[in-house]
Each structure stands twice: as C-alpha cells, then as structure tokens.
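The sequence and structure are shown first.

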Amino acid sequence: MASSNQFTLFDDFGEGPKPSVIPKTHQLPVCDGGYFDALAAIGLAVLVDAYIDTGGVSPLIVWTPDGFVVSYKEVGHRQVPKLRDLKYSVAGAWRKGDKDSWKAAEGHTKKSPGWDNTPVINTDSAEVDVSQSPEIPITIGERTLKMLNPERQLYGVANKLGSPEWFNLCVYACRVRGLELLDGSFNESSITVNSMVLPQASKGAFASSSFSIENKSLPGTITTSLSRLTCLAVAGFIFAAKGQSPQKSVQGFAIPVPKHLRLETIKRIVKQNRERLSNGGFFFAYDNYLALLKSLLEYQEDEKPLGEDATLFSVAGASFIPLGNSSSPSGSWQLAIPKHRYTIESVERLQRLLISWKRAKQTGKDKTISIDRSAVAKLMRGFEYSDPKEATEGYLEYVFDVGLVTTSNNRIYFLTQNFFKEIMAHKYQPLLQELLEGDLKPFVNLVRQETYHAAFPPKGQAETQPNYQMIRSLREVQNSDDLIKAITEIAIERGITKIATVNSSKSKAERWLNPYEPALKRLIELAESDYSPKLLANLILSFALSKRPYEQVDGDDNAENLLDALQTEETND
C-alpha cells in the first residue's frame with residue numbers, strides 16, 4: 001500500500017508517524033540600516049506565518065550587524081495560507097468617483113498592471129475601503145472617546161503619501177506569489193520602489209540625487225533587484241506601521257525595529273500603539289517611540305514567551321513634508337533604545353511631559369506651536385543615550401519654557417527624581433549616591449525648598465514665591481568659578497537665615513557653623529576633578545525641580561487631569 005503524506009487524527013495521540021520539524025533561517029541583506037530593513041524583516045516573518053505551519057511557535061526576528069535573521073520551525077506548508085491581514089486598499093476617490101472616472105465594483109480594486117497586466121482584481125473580501133470611516137472606542141482617564149479604526153487610518157495615510165495602485169500590486173504579490181518571496185526566487189521588474197517604504201533624504205527638487213515620490217526615476221536594475229524586499233516591506237508595513245495624518249505639518253510612519261522579538265510580540269505592542277491617540281506633528285516620532293517602549297515593558301512584565309528576552313533594537317520611521325496638494329519624503333529617522341534600566345512610570349511621565357510642553361506652547365485659534373525644538377531634542381537624547389548632561393539641560397529648558405506659575409489651563413508636569421536616578425545609575429552611580437545620601441543631599445534639599453516646594457508645597461501648606469534668583473544663578477554656571485560663586489552665595493544666604501532661626505536652641509559653636517559647608521567643599525572638589533561644573537549645577541536643579549516618588553503636592557492631580565482632558569485627536573486623516 002502506498003504511503004500517505006496526510007496526517008490523521010491519531011497522530012496527535014502519539015500513534016503513527018510524526019511530522020518532521022525542520023529549523024529554517026532567512027538572512028536578509030542590509031539596505032538602509034533602519035526603517036526599510038525592519039519592514040522587510042517583519043514582512044518576511046508575516047509571510048512565514050501565512051504560508052508555513054510553524055507548529056504554533058511564532059517566527060523569531062533577530063537583528064545582526066549583517067542584517068536581520070528570521071528563524072522558525074517548519075512542519076510543512078499550510079494547505080490554506082493565512083492571508084487575512086494582507087488587505088488591498090480601495091481608495092476613497094475610486095468609490096466616490098469624484099477624482100477618477102473609474103468606480104470600483106463591489107469586491108474589486110485597482111492595482112498597477114504588473115506581470116499579469118490586470119489593472120482590476122478581485123479582493124476576495126480582503127480590503128480596506130478608505131471611503132468609509134469606522135471608529136473604535138478608547139479610554140483616556142475617566143473618559144471614553146472614539147477614534148478612527150487604526151487599520152482604516154493607516155491605509156488612508158498610505159494612499160496619500162504613496163500610491164494605492166503600487167501598494168495593491170505589492171499586496172497582490174504577497175498573496176499570489178508568497179512562496180517565491182519566501183524562497184528568494186521573486187524578481188519582478190514591474191515592482192518599483194516607493195518612498196512609503198524607502199524614503200530618501202531629499203536634497204532639493206533639482207539635486208542630482210533626488211527622485212520622485214514614486215521613485216520611478218530610479219534605474220530599473222535597482223528597483224528590480226529590490227522587488228522582493230519591497231514586497232516584504234509592504235507586508236511589514238501593513239503589520240507594524242502607524243501613520244500620521246497628511247493634514248499635519250509633519251507626516252509619516254513609525255514602526256518598532258526588533259532586536260530579538262517574535263512576530264506575536266510585535267503584533268501585541270503594535271496593536272496597543274495603534275489603538276490610542278497620538279501626540280502628533282513634530283512630536284510624532286518621540287510619542288510613538290515612548291509608547292512602544294512602554295508597551296514592551298508591560299509585555300515583559302506579563303510574560304516571557306519560551307523563556308526568551310523580548311527586546312527592541314530601535315524605533316524607526318519615515319517623514320514627509322506637505323508640498324501643495326502632495327507630500328515629499330524628507331527622510332527616515334531612528335531612535336535608539338536606552339542602555340540604562342528604565343521603568344514604565346518614567347517612560348509614561350516623559351511621554352506626558354511632551355504633551356504638556358506642546359499644550360503650553362500652543363497659541364491662537366489655529367493652535368500654532370512655538371517651541372524650542374532643540375530643547376525637546378536634548379531631553380529626548382538624554383533619555384535615548386542615557387546621558388544625564390543632555391537630559392538635565394533639556395528638562396530644565398522645559399521647566400523654564402513652561403514656567404512654575406500655573407493657570408487654570410496650564411499646569412507644569414514634572415518628571416520624577418527616579419527618571420534621573422535611572423539615567424545616572426548607568427554610568428554615574430557614585431555621584432548619584434552623593435546627591436541622594438552624601439554631603440550634597442542637604443544642599444539639594446535647600447534648593448528644592450526654595451524653588452519646587454515654594455511653588456508646589458506639600459498638601460496643607462501655603463504657596464510662596466519661588467526663589468528665581470537662586471535658579472538663575474545655578475542655570476548660568478559655565479565653569480568652576482561660576483559654580484563656586486553660585487553655591488557660596490546660596491549657602492551663605494540661607495545658612496545665615498538658618499543660624500538665626502536656631503540661635504536660641506544651639507550651642508555657640510554649632511550656631512556659627514554653616515550647615516552647608518560640607519556640601520560646598522565637596523561640590524568644589526568634584527568640579528575641579530571629575531565632573532563638569534555645569535553638569536553638577538544642572539543635576540542639583542533637576543533633582544530639586546522634580547517630583548519625589550509617591551510625593552503628593554498641590555496641583556499635581558490637576559496637572560494629570562488637565563492632560564487627560566486636553567489630549568486631542570491627532571490621527572484622523
């Protein structure tokens with residue numbers, strides 16, 4: 001009797017032959033070292049999951065210096081591929097017929113003619129109709145709001161920043177020639193490169209290296225050689241990207257870049273990132289970066305699949321600039337994962353601080369934002385590269401840009417001291433110990449009492465005027481002489497005041513001993529040996545002007561509630 005390759009019900013109970021499990025790996029080349037490469041790697045894993053029976057274990061994506069590696073265990077090919085996530089786009093103009101004489105028939109859409117010269121195809125019910133605007137509920141604070149369905153939103157942005165016909169041709173390739181894309185035999189001249197997945201850094205419309213939005217001026221030999229990766233990138237784009245509305249001044253997409261992640265993990269953190277309101281415009285990249293970091297931390301707390309680490313290499317994206325009725329790619333971006341150990345609370349507070357900063361600098365009926373972008377970049381670089389110098393400079397610029405004085409519509413939102421502790425613990429642990437527990441602690445507390453606690457006293461105490469002269473003297477420190485002058489003036493002024501208040505209860509010897517003398521001595525030693533005087537001054541101010549863990553001050557709850565109430569929809573297109 002001839003042997004059969006079909007599996008029976010009894011195979012699950014240990015009777016009969018077991019299907020062989022074959023470990024497989026795919027090495028992808030390095031193209032741009034970021035956005036495009038990550039899209040292609042995620043797309044390859046998506047097609048593996050669609051066409052290959054992996055025994056219930058999600059494909060693994062690993063970053064290496066030589067390119068991404070996608071590995072999985074192959075039990076066999078699926079009899080019916082899982083293609084439900086690879087959907088075609090139906091542009092709104094096609095349905096309405098207001099910009100195109102052709103109207104899409106039910107269940108059909110347009111694509112670039114491609115290898116089979118068919119400009120109209122059946123979608124097999126796998127489509128996203130951009131003429132429709134379905135919504136989903138989301139919760140912010142105590143309110144339930146509605147936002148545009150994330151899938152519909154992504155396709156809407158993709159249609160405007162790319163080409164829906166080109167997009168559908170790539171989806172068509174994934175759906176009908178997926179196995180060729182997996183084994184590497186796919187090589188198709190009709191697949192061009194598009195800035196939606198491979199944006200170039202524009203040098204101007206007349207530069208010799210510039211090319212069109214659809215990149216059709218690139219040589220055919222290049223686009224053909226990239227055709228497989230381009231189709232994989234579109235699959236990855238559908239699975240992992242979040243888009244920003246073309247109506248905003250800065251447009252584009254954001255994706256997680258895996259370092260060691262399974263496809264199912266990417267699906268979870270992307271879903272959380274998509275189903276929320278975004279802080280858009282200039283803040284879009286930073287907002288998605290922090291949201292994905294937070295989602296991965298939450299995932300790591302919940303479970304560790306197969307005992308493996310789940311890590312990101314970076315978060316990347318593409319940016320576009322509006323030019324009349326169309327948009328031009330301005331390049332790609334990539335934000336690194338910090339080397340220090342950071343917590344969910346620190347990431348979340350940084351994300352909310354950016355919302356607060358943006359809100360405070362909006363003016364006029366059109367809510368024009370006038371903000372020092374270099375200051376925002378400093379704060380984010382400090383977090384991204386675990387650098388206390390950049391982090392403290394950026395944070396202090398935020399504090400003085402927004403101001404300690406609050407109004408009913410504007411309340412400053414503080415980071416916690418833990419945010420700076422986490423950054424300093426990476427390379428500055430000895431200095432951190434001195435600031436929190438050593439001779440420097442009384443001086444930090446003095447500055448805090450005169451600044452932060454004056455404006456935001458503990459509950460039950462009255463507000464007083466912050467000592468802006470003290471703040472200014474520390475902010476202006478550039479060298480050792482500046483630092484010595486600032487801390488000496490502060491210590492003498494406040495020390496004399498303190499001596500006067502304890503005059504009746506202390507011995508004569510103690511009465512005339514300045515209580516901040518050890519701190520002054522140690523600060524001078526540090527400034528003249530190991531650390532930058534400016535860094536020392538900024539650290540003192542940052543720890544003084546940040547919230548302590550579990551500290552309750554007047555106005556803090558109001559600041560939280562105000563952010564929830566004022567957060568607006570940034571993602572509709």
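## Overall composition and confidence

Of the 573 residues of the protein, 52% count as buried. The model is a predicted one, and the protein contains 22 helices and 17 strands. Among contacts between residues at least 6 apart in sequence, 72% join residues at least 24 apart.

The average pLDDT of the protein is 83, and 80% of the residues score at least 70. Residues 201–217 have a pLDDT below 50, and this stretch has 29 contacts in the model beyond near neighbours in sequence. Over residues 499–513 the pLDDT likewise stays under 50; for that stretch the model has 5 contacts beyond four places in sequence.

## Strands S1, S3 and S4

Strand S4 (residues 69–74) runs antiparallel to strand S1 (residues 22–27), and 6 bridges join the two. Within this pairing, Lys24 has Tyr72 of S4 as its bridge partner. S4 also pairs with strand S3 (residues 60–62), again in the antiparallel sense, over 3 bridges. Here the bridge partner of Val62 is Val69 in S4.

S3 and S4 form a hairpin with 6 residues between the strands. In its turn, Gly67 has a positive phi of about 120°.

## The S10–S11 hairpin

Strand S10 (residues 135–140) and strand S11 (residues 143–148) are paired in the antiparallel sense over 6 bridges. Ile136 stands opposite Met147 in S11. This hairpin has 2 residues between its strands, and Gly141 takes a positive phi near 60°.

In a regular strand, side chains alternate between the two faces of the sheet.

Most residues other than glycine have a negative phi. Asn117 is not a glycine, yet it has a positive phi of about 55°. Asn117 lies in the loop between strand S7 (108–110) and strand S8 (120–122). With a relative accessible area of 59%, Asn117 is above the 50% cut-off and therefore counts as exposed.

Ser386 also has a positive phi of about 55° without being a glycine. The loop that holds Ser386 lies between helix H11 (373–384) and helix H12 (388–402). Ser386 has a relative accessible area of 5%, which is under the 20% cut-off, so it is classed as buried.

Tyr172 is located in helix H4 (residues 164–176). Its relative accessible area is 16%, and because this falls under 20%, Tyr172 is buried. Not counting residues up to four places away in sequence, Tyr172 touches Tyr88, Lys111, Trp115, Asp116, Ile121 and Arg177. Tyr172 and Leu86 are 86 residues apart in sequence, and their C-alpha atoms are 8.8 Å apart in space.

Ser227 belongs to helix H7 (residues 227–240). Ser227 has 0% relative accessibility and so counts as buried. Leaving aside neighbours within four places in sequence, the contacts of Ser227 are with Phe186, Asn187, Glu188 and Ile191.

Helix H3 (150–161) and strand S12 (242–244) are the elements that give two or more residues to the lining of the second largest cavity. H3 gives the most to this lining, with 3 residues. By residue class, the lining of the second largest cavity divides into 3 nonpolar, 2 polar and 2 charged residues.

Definitions and conventions:
Residues numbered from 1 in each chain as written. Heavy atoms only, no water. Pairing = 2+ DSSP bridges. Helix = DSSP H or I, 4+ residues; strand = E, 2+ residues; numbered from the N terminus. pLDDT = per-residue confidence, 0-100. Contact = heavy atoms within 4.5 Å. Nonpolar A, V, L, I, M, F, W, Y, C, P; charged D, E, K, R; others polar. Buried < 20%, exposed > 50% of the residue type's maximum accessible area, 1.4 Å probe, protein only.
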